[in-house]
Amino acid sequence: MRKPFVAGNWKMNKTVDKATLLVADMLPGLEAVKTVDRVVCPPFTSLMVVAGMLAGTEIGLGAQNMHWEESGAYTGDVSPDMVKEFCEYVIIGHSERRAYFNETDESVNKKIKAAIKVGLTPIVCVGETLAQYDAGQTEAVVSAQVKADFAGIDPKDAMDLVVAYEPIWAIGTGKAATSDQANDIIKNAVRKNLAVQFGEEVAQNMRILYGGSVNAANAKEFFAMSDIDGGLIGGASMKPEDFVKIVEAAA
Ligand code: PGA
């Protein structure tokens, strides 16, 4: 049985003061839902403070990105070791980074390997654009991403990796995929290709999330699907009551 997993991606929102209030508001509700792995991913500037607030709880902390190099002349970036000082998780290859910061399957692949090396668990995002969706290319696009992103990764390291299928047209738009659509892609494009790469047993143990306009009202329907093991939540993860409801829906 795969343990449900729900992560909140705060994106470029919340100063330290606001992040502190947000965590304080949601912490009791999140702590109560022990059967779900719960993770929050604030911006870098709040990681240290939030790490302090989460110490002694079972709530995990994630960063939203990192560089693959250990150190060096990469102005404005952070290394895997720096993330690891505070976090257990790191989001890699979010579609907003692919769209605005030239993230490619090649850089995603390097980052996954770098994360594994320092003991971070990557939450790897894949998903198709609206044009690709309209052209009926979803399965082909997502399959190609999975193959390229996870190339050369040892099956023994793959078991704990988390993947998020996020149709780009559904992110922050209020237009979620249907639960059937999402489950179909997760099963037939994501998990199937993970099985080719890592073997059926590993693929059956990996958590695969749906992301894109998940909210307190629709979460249960997604999480009830056979191959959807939880969610990567953007906007709704910054509304404490809603995020707690979403986590409860995964239990
Ligand atoms: P959304 O974002 O829930 O606001 O659509 C999801 C994500 O970006 O991971």
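## A tour from the ligand outwards

Start by selecting histidine 94: one of its polar side-chain atoms sits 2.7 Å from an oxygen atom of the ligand. That is a polar contact, meaning a pair of N or O atoms within 3.5 Å; within protein, one must be able to donate a hydrogen and the other to accept it, and residues adjacent in sequence count only if both atoms are side-chain atoms. Before going on, note that this is a predicted model, in which local features need pLDDT of at least 70 and side-chain atom pairs count only at pLDDT 80 or more, while totals for chains, interfaces and linings use all residues. Residues are numbered from 1 along each chain as its sequence is written, and side-chain values use heavy atoms, with hydrogens and water left out.

Next, pick lysine 11, where an N or O atom of the side chain is 2.7 Å from a ligand oxygen. Then show the backbone of glycine 234: a polar atom there is 2.9 Å from an oxygen of the ligand. The ligand taken alone exposes 280 Å², and the protein buries 95% of that (accessible areas by the Shrake-Rupley method with a 1.4 Å probe; for residues, only the protein chains shown count as cover).

**From lysine 11 to helix 4.** Because glutamate 96 lies in helix 4 (residues 95-100) and lysine 11 in the loop between strand 1 and helix 1, the pair ties together parts that are 85 residues apart in sequence. The term salt bridge covers a side-chain nitrogen of Lys or Arg within 4 Å of a carboxyl oxygen of Asp or Glu, and the count by this rule is 14. Lysine 11 is buried, at 18% relative accessibility, whereas glutamate 96 is partly exposed at 24% (buried is under 20% relative accessible area, exposed over 50%, partly exposed in between; 1.4 Å probe, protein chains only).

Select lysine 156, which is exposed at 65%. Lysine 156 forms salt bridges with aspartate 154, at 3.8 Å, and with aspartate 157, at 3.9 Å. Then select Arg2, Arg191, Asp227 and Asp229, which are linked in a salt-bridge network.

**Last stop, helix 12.** Highlight residues 240-250 and find the buried ones, among them Phe243, Ile246 and Val247. The buried residues of this helix pack against strand 1, helix 1, strand 2, helix 11 and strand 8, with contact meaning heavy atoms within 4.5 Å. Helices (H or I, at least four residues) and strands (E, at least two) are DSSP runs, numbered from the N terminus.
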